[in-house]
Amino acid sequence: MHTRLSEEDLAFQAEVRAFLNEAWTEELAETCANKTTMKEGVEEWQRRLYKKGWMAPHWPVEHGGTDWTVTQSFIYNLERASAGAPEAVPFGVTMVASVIIGYGNDEQKAKFLPRILKSEDWWCQGYSEPGAGSDLAALKTRADLEGDEYVINGSKIWTTYAQHADWIFCLVRTDNSGRKQEGITFLLIDMKTPGVTVRPIDTIDNFHHLNEVHFDNVRVPVENRIGEEGKGWTYAKSLLVQERLSIAEVADSKRSLTQLREQARAEVNGGESLLQDPLFAKRLTDIEIDLMALEYTELRALASIAEGKEPGPESSLLKLQGTEIQQAIQELRMDVAAYYSGTLQGDLSAAELGHDYADNAQKSYFRGRASSIYGGSNEVQKNITAKYVLGL
Amino acid sequence: MNFNLSEEQNQIRDSIARFVQEHYSFEQRNAVVAQEHGFSAQHWQQFAELGWLSIPFAEEFDGFGGGPVDTMVLMQEFGRGLVAEPYLATVLMFGGLLQAGATEAIKTEYIPRIISGELHGAFAYLERQSRYVMTDITTSAKKTGSDWVLNGQKSVVLNGAAADKLIVAARSAGEQADESGITLFLVDAAAEGVERTAYRMTDGQEAANISFNNVTPEAVIGNEGEGYALMAPVVDAARLAVSANALGAMETLNAQTLEYCKTREQFGVAIGSFQALQHRMVDTFGACENVKSLLYRAVCAAQDNDEDARRSLLALKVMVGRAGKLIGGEAIQLHGGMGMTDELSVGFFVKRLMIINTLFGDADYHQKLFAELVNAPVSAADASNAVAA
C-alpha cells in the first residue's frame, strides 16, 4: 500500500505542467469565461488539446487516445484543474464517443470519432423528457421505422448546449410491448434535420445553457442507430457509470477550495480576517476534510480500475459526495462575497463593480443546484447504492 | 500507487480474523472483559506466541520491524471484534516510547519482555486539567544531584492498573503548557509513593488515576526537557492506530445494522425496504468509506513521511469522531428497542467508538488544530498542497 509517484509519473507531471503553462493562456481563459465567446474559446482549447494528442486520453490509442496509466490520468486531471483549465465538453468526447467505441460499427466510428477529436462536431445529450426525469426509462419520444428511416416524434428537455450542437444522441422508444427498459433505441440525430426545433430555457443562474428540443416527424436514417434496436438502455447504462465517476470533479473542487481560502483571507470583518472567524473556519474545514476523503475514495476506485477490477462499492458515493462538496463550496463562496454576491456585473468591469468574483458567486451557487439533480438525482443515487451496494 | 496489502500483511489480517472468530463472540468478549484488569492474560500469551506483540519493534530487539500499514491492519481487525487486550497501551504507547527514546541498555532489557508477553506498560501523561492538551503538565520532576523526584497526579491512564512499568511525563522546567521542559521517566509501578486508583471505562477497558508522592524514577527516557519530541510522534502513531480500530468497529457495526434491517419485519415487510431507512444506511456506509479513505491517506503519508502527513492525520481523527457518532447513533436507532439493550453487541461497539473519539483529542479539538494548520497566515499547507497537486 503506497501512493508515491514514480520517476516516470514525476516526469509526466512536469510535461503536463509545461503544456498547460503554454497552452492554457490568460487570454484563452477570458474567452472561455465570457458567455458570448464561450463556444469559440472552448473549441480553441480543445484544438490545442488535440494538437498535443490529449483531447481524448481515455480513448483506445487506435482511435486517437493515449496509453496513460490511471495514475497519469489522475495527475493530468489534478494539474488541469489546478491551472483552472476546463475539461473538454463531455457530451461528445466522453459520452457519445464511449458508446460509439463500445457499441458502434466501423462506419460510425470512422464517421464520428475523428470529427469529435478535432472538435468539428458539437454534441448534446437527449435523455430526459418532460415526463421522464429520474424515471428515465419512462421516456416516450417515438421512433417508427418507415423503410430505411426512423420517424421521430416527441420532446427532450434539459438539453445542455443544444443551441450550439451539431448532433444530438437520443434515447427513443421503438417498442411499447415489454418492460419499459426494453424497446429503447440509441440514435444519433443531426440537429439540422427538418423538424428539429430548439426552445431555450432560461435558468435561475442568469444563463442560457438548458433547452427543450422538439422532434416533429424528424426522419433519421437507420445507419444512425447504435447497435441493435431495443438495446439502447444497456448502452446508456454503461455511460451512466462513467458519468457518475466524472461528475465528482474532485480536482476542480480542490482548486475552488484553495481559491475560497484566499478570498476569505482577504475579507476583513472589523479588523479580523474572515479566515480567523471560528464559525467560518469550521465550515471551511468541514468541506476540506470531506474533500480530502473523497479524493482518496476516487483514488481507490481508480486503483481498482487500473488492476482491471470493477471499481469497489465506494465508487457509488462519488457523484453523491462530490456534488454535495461542490454545492457546499459554492454556498460558502457566496457567503464570503457578502452583499456583493447579490450584484449583477452586466457590462461593468470587475474594477467598476468593485469586486472580482462576486458576480460569479451567486450565479455559480444557483447553477450548482443542478449538480444534485442531473446524472440521476442524489436521492436516486442513494436508492441505487441501497439496492446494488447494500443489497436492500 | 496501490492500496493492496502485502502477503505478510494479509497473513496478519487472516490470523487475527481467525482469532476473533474463535475467541471473540459476544458472550466470550463479555467473559474476557469481566476478568481482572478487563482482559485475558491467556489471550495475551497467545498474542505473544503468534508474534503480534513484536510487530512495531525493530528486528534488533526480536521485533518484526513493521510499519504503519502493519499496525493499521492489526488494529482494524482488533476493532472488528472489540478485542479488549491492551495492545495500544503496552505495545504501541509504552513500547513505542521506549523504542523512540530509551537507552540501548533499557531497550535490550525491556522490549524483548514486551514481545514475550511478560511485561505490561502504560503511558501516564494526562492530568485532570489538561483535557486534550498533552503539554499541560503540572506533575513535577525535581533533580537533587543526579537523583530525580516525581510529585503529582495523572488521570485516565489506560492500562494503568495492570502495568508493571509506567512512563510518566513530568515537568522538569518551563511553564504549565510549554512544549519544552517536559521530561519522560520510566517508573516501576510498585515503587514507593506510587498509588493507583483503578476503574473501568464504558468500553470495558481499565484505566487508573495515579498519584506520585516523592517517587524515585528508574530512569530518564530520552533527553531532559525534550520529552515532547518523543511523545508527539508516538501519540500520532496511536491516533492512526485507534482510527484503524474505529474503522474495524464501524464496519462490523454497519454490517450488523444492515443485516438487522434485512431481517426485521414490521408492517409485513423487512424494515430495510423503507426508503427513509435505506437513505440513512447509505449515509452511514458513506461515513465509513470516508474514514477508510482518510485512514489509507494518512497511513500512506505516514509511511512515506510525506508533507501531507500531518494534515491527513488531523483530518482523519476529525472524521473518525464525526462518523463514529453518526454510525453509532444510527445503529441504535435502526435497531429500535433492541438497540437500547445489553443483549446485543450494538451498544458495546458504540461505546468503543465514543471512547475512541475522546482518545488523544476529540473531533472538535482536531478540527481546531487542522484549521490552524491550513489557515495559517503564510499557508504552508497550501504550498504543500500545490506541490502535491
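**Helix packing, cores and the chain contact**

Let me start in chain A, where the cover over the buried residues of α12(A) includes α10 (317-336) and α11 (350-353) of chain A. Helix α12 of chain A spans residues 358-368, and its buried residues are A:Ala358, A:Asp359, A:Ala361, A:Gln362, A:Lys363, A:Ser364 and A:Tyr365. Buried here stands for 20 or more other C-beta atoms within 10 Å of a residue's own, exposed for 12 or fewer, and partly exposed for anything in between, with C-beta atoms placed from the backbone. Helices (H or I, at least four residues) and strands (E, at least two) are DSSP runs, numbered from the N terminus.

This is a predicted model, in which local features need pLDDT of at least 70 and side-chain atom pairs count only at pLDDT 80 or more, while totals for chains, interfaces and linings use all residues. Residues are numbered from 1 along each chain as its sequence is written, and chains are lettered from A and ligands numbered from 1 in the order in which they are written.

Staying with α10(A), its axis and that of helix α9 (residues 278-306) of chain A come within 10 Å and cross at roughly 155°, which makes the two helices roughly antiparallel. Axes are lines fitted to C-alpha atoms, for helices over the stretch in contact, and angles run from 0 to 180 degrees between N-to-C directions; under 35 degrees counts as roughly parallel, over 145 as roughly antiparallel, 65 to 115 as roughly perpendicular and the rest as oblique. The crossing of α9(A) and α10(A) is left-handed, that is, the near helix is turned anticlockwise from the far one by less than a right angle, where clockwise would be right-handed. Residues making this contact include A:Leu284, A:Ile287 and A:Leu291 of α9(A), together with A:Leu318, A:Ile325 and A:Ile329 of α10(A), where contact requires C-beta atoms, placed from the backbone, within 7 Å. By class, the contact of α9(A) with α10(A) divides into 11 nonpolar, 3 polar and 3 charged residues; Ala, Val, Leu, Ile, Met, Phe, Trp, Tyr, Cys and Pro count as nonpolar, Asp, Glu, Lys and Arg as charged, and the others, Gly among them, as polar.

Elsewhere in chain A, helix α2 (residues 26-33) and helix α3 (residues 38-52) pack at an angle of about 140° with their axes 6 Å apart, and they are therefore oblique to each other. On the α2(A) side the residues are A:Leu28, A:Thr31 and A:Cys32, and among those they meet in α3(A) are A:Met38, A:Val42 and A:Trp45.

Turning to chain B, helix α9 (residues 309-335) and helix α10 (residues 346-358) pack at about 160° with axes 9 Å apart, and are therefore roughly antiparallel; α9(B) passes α10(B) in a left-handed crossing. The residues of this contact divide into 8 nonpolar, 5 polar and 1 charged. Among them are B:Gly321, B:Gly324 and B:Gly328 in α9(B), and B:Val350 and B:Leu353 in α10(B).

Which residues have the most contacts inside the largest nonpolar core? That core has 166 residues, and the ones in question are B:Ile167, B:Phe185 and B:Val291; a nonpolar core is a set of buried Ala, Val, Leu, Ile, Met, Phe, Trp, Tyr and Cys residues joined through C-beta atoms within 7 Å. Helix α7 (residues 227-263) of chain B gives the most to this core, with 18 residues. Apart from neighbours within four places in sequence, B:Phe185 is in contact with residues including B:Trp148, B:Ile167 and B:Val220. A second, separate core of 50 residues includes A:Ala88, A:Ala162, A:Ile168 and A:Leu187.

Between the chains, 38 residues of chain B are in contact with 33 residues of chain A. The largest share of the chain B side, 14 residues, comes from α8(B), and that side as a whole has 19 nonpolar, 14 polar and 5 charged residues.

Finally, two backbone details in chain B. B:Leu82, in the loop between α4 (68-81) and α5 (87-101), has a phi near 50°, a positive value in a residue other than glycine, and is buried, with 24 other C-beta atoms within 10 Å. B:Asn214, in strand β7, also has a positive phi, of about 55°, but is exposed, with 10 other C-beta atoms within 10 Å.

How values were computed
Two residues are in contact if their C-beta atoms, placed from the backbone, lie within 7 Å.
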